[in-house]
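Dear colleague,

I am handing over the structure below, followed by my notes on what was found in it. Please read them with the structure open beside you.

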Amino acid sequence: MFNGTYSDALLRTAATMPQLNMLERSWAAYYSWVDNDTIATGLLSFIFHEVTYFGRAIPWVVIDAMPSVFNRYKLQPGKVPSPQEQWECTKHVLISHFAAELPLIWLFHPICEMFGLEWGVPFPTLKTMVWQIAIFFVMEDTFHYWAHRLLHYGAFYKHIHKMHHKYSAPFGLAAEYAHPLETLILGTGTVGSPILFSALFGHLHLFTMYVWITLRLFQAIDAHSGYDFPWSLNKLIPFWSGAEHHDFHHEKFVNCYSTSFRWWDHIMGTDKSYRAYRTTQAARKAGLAEELKAGGTSKKAE
């Protein structure tokens, strides 16, 4: 399966394609070294997914372990997952990755070939990747909204989606804590959106796909983090969902079905309870602040 050593492949690539940058050389050398595109893509996809998922989730584990510092940013203060809960969640996620996702990943390269994805070098330009990934965000968000709403009905919720709602106060590692069927259904939006785009318009590179999946994983993990910081993305982009939006869905089991954006929930009226709750919450905080301020003024007068 392997064609010599990776170092040899890298040297050959550098000699025959000197115009490539370091990342492109590494990519081309990897495919040359493995010498089987299906295995190369499958292996790379699985390792990439594990490193990205746990690499992004671990910082949230660290934050959860420092409640004295970060509890003021917790959306459900005091509801910090225990190490035991996090370990149980991690075990299930790993089993799901190896038992459910790994077999499917080996089909990824044949599917890419079928729908015209490119995997050679050079990579597409940054400009091309940016506008394509922006489209994927919109496509995935639309699919996820409607599929997620379906999973909250009757038998779909009872037998599939209920598992994901085990944690009413979510945390980063729980982003992919789900029934295998839910992983397949909602994962269709993440993987299927770029594939549909490629089938319709062509000119989509596998590297762009990996960048998109990285951002999508970051979004999913951050949305389940349970924290809302002053520098969170929803403070910069008002229609971005973020943890502040999705945490309500886990806490109340209703509303806020979208992933990245707020517009489908707003258009379909599935954010009314969320908005009423946040308004009441803000009013309560403002009232407490006024009481504290009034108390401080009284003491000064005395």
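In these notes, contact, or packing against something, means heavy atoms within 4.5 Å. This is a predicted model, in which local features need pLDDT of at least 70 and side-chain atom pairs count only at pLDDT 80 or more, while totals for chains, interfaces and linings use all residues. Residues are numbered from 1 along each chain as its sequence is written, and side-chain values use heavy atoms, with hydrogens and water left out.

I begin with helix α5. Helices are DSSP runs (H or I, at least four residues), numbered from the N terminus. Helix α5, which covers residues 83–105, bends by about 35 degrees at His 97, where the bend is the angle between axes fitted to the seven residues ending there and the seven starting there. Among the buried residues of α5 are Cys 89, Ser 96 and His 97, buried meaning under 20% relative accessible area, exposed over 50% and partly exposed in between, with a 1.4 Å probe and protein chains only. The buried residues of this helix pack against α3 (37–64), α6 (108–114) and α9 (180–201).

Next comes the nonpolar core, a set of buried Ala, Val, Leu, Ile, Met, Phe, Trp, Tyr and Cys residues joined through side-chain atoms within 4.5 Å. The largest such core has 45 residues, of which Cys 89 and Leu 206 touch the most other members. Helix α10 (206–223) is one of the helices that supply at least two residues of this core, and α10 gives the most, with nine residues. Cys 89 has a relative accessible area of 0%, and Leu 206 touches, among others, Trp 27, Phe 108 and Cys 112.

Helix α7 (residues 126–150) holds Glu 140, which counts as buried because its relative accessibility is 0%. Leaving aside neighbours within four places in sequence, Glu 140 is in contact with residues including Trp 212, Arg 216 and Thr 259.

Finally, there are the aromatic rings. Rings of Phe, Tyr and Trp (its six-membered ring) pair if their centres lie within 6.5 Å, and planes under 30 degrees apart count as stacked, over 60 as edge-to-face and the rest as tilted. By this rule the count comes to 38 aromatic pairs. The rings of Phe 46 and Phe 98 have their centres 5.0 Å apart and their planes at 70 degrees, so this pair is edge-to-face. Phe 46 belongs to helix α3 and Phe 98 to helix α5, 52 residues apart.

With best regards
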